[in-house]
Amino acid sequence: MLKDIFIELANKYCRDAAVIQVSWIEIETNYCKKKRHYHTLVHLENVYAQLENIKSNLEDWDTILFTMFYHDIIYSALKKDNEEQSALLAERRMIQLGVTSTNVEKCKNQIIATKQHLQNANSDTNYFTDADLSILGANWETYFKYLNDVRKEYSIYPNLIYNPGRKKVLHHFLGMDRIYKSNYFYEKFEIQAKLNMQKEISLL
């Protein structure tokens, strides 16, 4: 499914099938790396499903899709600049595909926004960061799998280091006035997300 979506998207800007194919293989390869357990193609599928439900609310669907495909393309538990590196790679690939500089910049900004998930002046960006965090408001069974998958991605760290760091992340979100910036995602996930994170904290 994701491959077809990407190829259809890229075809709007580029007629070089080889370039498009190489771009897709790069996306697929990165998201399927062995050290990834949560930041995978399944995550992209979930984000897409959430965004497709509100497609009529979005101003720039194409840019949102590019953001989805590239927002976690660079990911390492050892690095703190994953979003910045993902944005730079997105820029290079989108330029190769012939996407306008305006849309490239919007995509880069949306990717960077997933670093802290703060309120943004651009409504599409808020919808995207909300969709990116939709897993937080899933039922407990789904959330429990998510927290274990994230732990696997950080398996190089012992609990002594991981647990305090994870608590800091969870408290960061719980300390926000709103985890979800758009009314749609707020009403759908806010309460359950807070319950899930509070329960995870109690398990750490």
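A: Begin with the residue classes: Ala, Val, Leu, Ile, Met, Phe, Trp, Tyr, Cys and Pro count as nonpolar, Asp, Glu, Lys and Arg as charged, and the others, Gly among them, as polar. Keep in mind that this is a predicted model.

Q: How does the lining of the second largest pocket divide by class?
A: That lining has 6 nonpolar, 4 polar and 5 charged residues. The second largest pocket has a volume of about 320 Å³. Among its 15 lining residues, Lys35, Tyr75, Ser76, Ala77 and Glu153 are the closest to the centre.

Q: What is the volume of the largest pocket, and which residues lie nearest its centre?
A: Its volume is about 1,200 Å³. The lining holds 32 residues, and Tyr75, Glu83, Lys115, Tyr154 and Val169 are nearest the centre. By class, the lining of the largest pocket has 15 nonpolar, 9 polar and 8 charged residues.

Q: Which helix gives the largest share of that lining?
A: Helix 9 does, with 8 residues. Helix 5 (82-97), helix 8 (140-153) and helix 9 (159-174) each supply at least two residues of the lining of the largest pocket.

Q: How many disulfides are found in the whole structure?
A: A disulfide is a pair of cysteine sulfur atoms within 2.5 Å. The search finds 0.

Q: Is Cys107 buried or exposed?
A: Cys107 counts as buried because its relative accessibility is 0%. Cys14, at 8%, also counts as buried.

Notes: Residues are numbered from 1 along each chain as its sequence is written. This is a predicted model: local features need pLDDT of at least 70, side-chain atom pairs count only at pLDDT 80 or more; totals for chains, interfaces and linings use all residues. Side-chain values use heavy atoms; hydrogens and water are left out. On a 1 Å grid over the protein atoms alone, a cavity is a set of points where a 1.4 Å probe fits but cannot get out, and a pocket is an open set with protein on both sides within 12 Å along at least five of seven lines; lining residues have an atom within 4 Å of a point. Grid points are joined across faces, edges and corners, and a volume is the space filled by probe spheres set on the points. Helices (H or I, at least four residues) and strands (E, at least two) are DSSP runs, numbered from the N terminus. Buried means under 20% relative accessible area, exposed over 50%, partly exposed in between (1.4 Å probe, protein chains only).
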